[in-house]
Amino acid sequence: MAAEKTDKVKEILARPIQLADQVTKFADDAQNFKQDCQELKGKTEKLAGLLRQAARAGNELYERPTRRIMDDTEQVLDKALSLVTKCRTNSIMKRVFTIIPAAAFRKISMQLENSIGDVSWLLRVSASADDRDDEYLGLPPIAANEPILCLIWEQIAIMFTGSLEERSDAAASLVSLARDNDRYGKLIIEEGGVGPLLKLAKEGKMEGQENASRAIGLLGRDPESVEHIVNAGVCSVFAKILKESHMKVQAMVAWAVSELAANHPKCQDHFAQNNIIRYLVSHLAFETVEEHENYKKYKKKMSIDSVVLAKNRTNATNNIKENIADETETKIAHPAGNQPSNQMHNLVNVAMKNQSPGQQNHPPTNPANHSKGNLQNNTKSHHHTNHDPNHVSLAGPSIKGRELEDPETKANMKAMAARAIWQLSKGNVSICRGITESRALLCFAVLLEKGPEDVQSYSAMALMEITAVAEQNPDLRRAAFKPTSPTAKAVVDQLIKVIEKADSDLLGPCIRTIGNLSRTFRATETRIIAPLVKLLEDREPDVTMEAAIALNKFACPDNYLHDNHCKAIINAGGTKHLIQLVYFGEQSVQFPSLILLCYIALNAPDSEALAQDEVLIVLEWALKQAHFMEDLEIEGLLPESKSRLEIYQSRGTRGFH
């Protein structure tokens, strides 16, 4: 690689050196303006010496400014050669008709001085720190039009040649530049800054790794930039950090992953292929799962499931199902043997051992050999038969090392892990499937209840995105959020608590999440509708809008239990609230409220409450409002619901209910 770079540099320098030699030779042959030509010769010889010194430096030269400076130098030498060539003529006629202004020599002389300054700066900026002796490099003449570019060159050059401390400081400088201006970020990428930043993130000390990871997160502000960063190998570097590095660095990397995924969702699968989802879930689970008190309600069922799975892994006989009951009774009593105090802790371990790789704590030995699909389907290559049942192996440093971290760092790690999972799960079925097959949902349920504010917020957003994908994917929805699942029930319990409390910033995403899960609930689940209906009364417009949209998902024809849900909305007093919102609500609230009222009229037209609340009059009024009828959904739904309601309301006036 070094030899290849040396060849490139020599190729760049070859023509300027040839031109400089020609200028020197032609200056000696000058017949006119001999003194001026000798002055040009002196500066050209100085420049040629610097160019040869640069050629000897070879692979030490920073290629990006080398190309830029050599392009300018070549143009200056071309002009100088043209000028001294004119001075070589002996013909009297050519002398008469060849006019060389005195200013031409001054101009070329000044440009040669600038080229000497540029090449001198290039040699200094490309030298190692020991050779520079900490001298202030200043800015070269080429920086006159764009000083920031040369500052970027200088910092990237230090990233190549400096000590770890100097490289850390240079990365911090690049962070400042990238944070200040999007264009500076683009320049850092164009000038080759990503490679040395990734190298520092991989090899540096903790502060240097943090600075490099922060810089990478700031640089990925658009799809093109993220694509460049991913192609440079960021996924494998970040995976290694999330597996092995200090927790502060891991938190910064998780933040950077969230930034890159947010700005270019197509990179999600690249991160998944490098097992980053697994490592993020591991950080969420650390000191989280065992704290889940509500999960104890379901431990008996989880114990049964775990025993069944464990038997299936170790015993391939056909009569296993006949023996499950006896085995279960034996193992439920004390999953940890004679250590009942650790029962919940070991219960989780047993469950985790028997889940798919997306649920296991152990990363594969060679992440590069695992494709996206293997996030869920490579259980055969991971066996944990010899592990102590009281030990949980987690990605990253030892558990003892993690436990010694301060609470603020732990909380920040969980927040950034949840933030990264939120962005990585957006619209991605395979990643959401891997997440739901792991402990992540259980972790989110715990963190939604007990976590710090930012951890709660990112957990709620992650659940919202995962359930949004599940809403559109029946297989994922049925597998991850079936009503009998203890984990799914734990999640729903926490969502309902937030909605019932109704005084949290988490309210919006939690309402959306419940709406996304509307098709997973059984008819016997009666806790959900009433809290949502309550939010239709005297709330902020955005909360009311979210509540109306969520209720629409329960009442729409796509929901198998829409009749039951519509009756529940009526019984909770939702009709009166909806009428007020249709008449007097903001437009963002009016539309979902009117659609919900139409669904109720279609699904429960014989309700006496609708007659008493005069819903028919509301629908007739809405038909006359132009802004409603411009909406395609309302345009088809409103006349149908009015007609259906008219049939039952007219009967009602004659006493037929």
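A502 is buried, with a relative accessible area of 12%, where buried means under 20%, exposed over 50% and partly exposed in between (1.4 Å probe, protein chains only). This is a predicted model, in which local features need pLDDT of at least 70 and side-chain atom pairs count only at pLDDT 80 or more, while totals for chains, interfaces and linings use all residues. Residues are numbered from 1 along each chain as its sequence is written, and side-chain values use heavy atoms, with hydrogens and water left out. The protein has 36 helices and zero strands; helices (H or I, at least four residues) and strands (E, at least two) are DSSP runs numbered from the N terminus.

**Positive phi**

- Most residues other than glycine have a negative phi.
- A502, although not a glycine, has a positive phi of about 55 degrees.
- The loop that holds A502 runs between α26 (486–501) and α27 (507–516).
- E287 is another residue other than glycine with a positive phi, near 60 degrees.
- E287 sits in the loop between α16 (276–285) and α17 (299–314), and at 25% relative accessibility E287 counts as partly exposed.

**Burial, contacts and core**

- Of the 657 residues in the protein, 53% are buried.
- Among contacts (heavy atoms within 4.5 Å) with a separation of 6 or more, 75% are between residues 24 or more positions apart.
- The largest nonpolar core has 190 residues; such a core is a set of buried Ala, Val, Leu, Ile, Met, Phe, Trp, Tyr and Cys residues joined through side-chain atoms within 4.5 Å.
- V234, F238, F271 and L532 have the most contacts inside this core.
- Leaving out residues up to four places away in sequence, F238 touches S213, I216, V253, A256, V257, L260, F271 and I276.

**Helix packing**

- Helix α8 (residues 164–180) and helix α11 (residues 206–219) have axes that come within 8 Å and cross at roughly 25 degrees; axes are lines fitted to C-alpha atoms, for helices over the stretch in contact, and angles run from 0 to 180 degrees between N-to-C directions.
- That makes α8 roughly parallel to α11, as angles under 35 degrees count as roughly parallel, over 145 as roughly antiparallel, 65 to 115 as roughly perpendicular and the rest as oblique.
- The contact involves S168, A171, A172, V175, A178 and R179 of α8, and E207, G208, N211, A212, R214, A215, L218 and L219 of α11.
- The crossing of α8 past α11 is left-handed, a term for a near helix turned anticlockwise from the far one by less than a right angle, with clockwise giving right-handed.

**Salt bridges**

- There are 21 salt bridges in the structure, each a side-chain nitrogen of Lys or Arg within 4 Å of a carboxyl oxygen of Asp or Glu.
- R15 and E74 form one of these, with the closest N and O atoms 3.0 Å apart.
- R15 lies in helix α1 (residues 2–28) and E74 in helix α3 (residues 63–86), so the pair ties together parts 59 residues apart in sequence.
- R15 also meets D78 in a salt bridge (3.4 Å, N to O).
- D78 lies in helix α3 and R15 in helix α1, so this pair ties together parts 63 residues apart in sequence.
- R15 is partly exposed at 37% relative accessibility, E74 at 22% and D78 at 32%.
- K240 and E244 form a salt bridge with the closest N and O atoms 3.2 Å apart.
- K240 and E244 are four residues apart in helix α13 (residues 234–244), so about one helical turn separates them.
- K240 is partly exposed at 36%, as is E244 at 45%.
- Salt bridges that share partners join R15, E74 and D78 into one network.
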